[in-house]
Amino acid sequence: MNYQWITNNAFTQRYLSGEWRSPVFCDMVAKSLEGRHKPTILDIGCGNGFDGDEKLQASLAAKAAVVLGVEPDPTVELGSFFSNVYRCPLEEAPIAPNSVDVAYCNMVLEHVAQPQLFFKKLREVLKPGGIFWGFTVDSRHLFCKFSALMERTRIKDLYLTLLKGERGADRYLNYPTCYRANSPEQLEPFARDFHSIEFIRFHRSDVLNYYLPKAFIPLSELWNKSITPTQKPGYMLAIHLTK
Ligand SMILES: C[S@@+](CC[C@H](N)C(=O)[O-])C[C@H]1O[C@@H](n2cnc3c(N)ncnc32)[C@H](O)[C@@H]1O
């Protein structure tokens, strides 16, 4: 396989020490902007913030000269800092070829129905040497298997609503999931034409606590703790591509 599998670096250490994932991921994107003159960035599936955090999203926008956003959900209100917004899937966005320095998407890849078209478009719009960051869940982790099962049996929304409250009001805006671009094995064929491919594993013991009733948390923590120091697939996966 033509990729690197990274389980330990300064960013995974920050996550492991208990830091919330979004500032860590934002810093990874920000690092890719260093040394680029008046860069153009592209937030794919930008939603209403980075992990719903508009301030974090704005902090990345502040580092760029041109800020492009792609968001197919017409009900989502977008930040005012975007230079241009495309209200469609990335695959259909009329973005100029070879125009983007750094593209990223947070919690989007699990929703992409046609990853081949998504990555074809991504490669087309990136400049040579341009970077892509994708932050998502790893489809090989038990979380995805349960999530996919609950979606197939149509109980996921009911479960989340009973546990966390109304979608968009009390809990995050969940979208239908496909899990077709969520592991190195799934992603490598789509990313093959890129100059380099890296995957970074993010994991720690409390990753599933948000999704579980209190009674199940100790068991989940025990199991997730046991796989934390290993090379096994974790809960979160970052993909880093260079065109
Ligand atoms: C879980 S939300 C994440 C939103 C935001 N990135 C965040 O961090 O909060 C998933 C987003 O992906 C968008 N999305 C799904 N498929 C997409 C595609 N093919 N191209 C662009 N965006 C897509 C959805 O409309 C939705 O806004």
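Residues are counted from 1 along each chain, in the order its sequence is written. As the model is predicted, local features need pLDDT of at least 70 and side-chain atom pairs count only at pLDDT 80 or more, while totals for chains, interfaces and linings use all residues.

Helices (H or I, at least four residues) and strands (E, at least two) are DSSP runs, numbered from the N terminus. Strand E3, residues 66-70, is mostly covered, with four of its five residues buried. Here, "buried" means that 20 or more other C-beta atoms lie within 10 Å of a residue's own, with 12 or fewer counting as exposed and anything in between as partly exposed; the C-beta atoms are placed from the backbone. E3 pairs with E2 in the parallel sense over five bridges, and Ile-41 stands opposite Val-67 in E3. Two strands are said to pair if DSSP finds at least two bridges between them. E3 also pairs with E4 (residues 84-86), again in the parallel sense, over three bridges; there, Gly-69 has Val-85 of E4 as its bridge partner. Together with helix H3 (residues 54-61), E2 and E3 make a right-handed β-α-β unit. Right-handed means that, with the strands pointing away from the viewer, the path from the first strand over the helix to the second runs clockwise.

Next comes strand E7, residues 196-202, where five of the seven residues are buried. E7 runs parallel to strand E1 (residues 4-6), joined by three bridges, and Trp-5 stands opposite Phe-199 in E7.

Helix H4 (residues 115-125) buries Pro-115, Phe-118, Phe-119, Lys-121, Leu-122 and Val-125. Looking down the axis of H4, these buried residues fall within an arc of 160 degrees, so they line one face of the helix. The arc is taken from the directions from the helix axis to the C-beta atoms. Their cover includes strands E2 (40-44), E5 (100-106) and E6 (126-137), plus helix H7 (184-191).

Finally, there's the ligand. Of the 23 residues around the ligand, Gly-45, Gly-47, Asp-73, Pro-89 and Asn-106 come nearest. A residue counts as near if its C-beta atom, placed from the backbone, lies within 6 Å. By class, the shell has 13 nonpolar, six polar and four charged residues. Nonpolar covers Ala, Val, Leu, Ile, Met, Phe, Trp, Tyr, Cys and Pro; charged covers Asp, Glu, Lys and Arg; the others, Gly among them, are polar.

Technical notes: Two residues are in contact if their C-beta atoms, placed from the backbone, lie within 7 Å.
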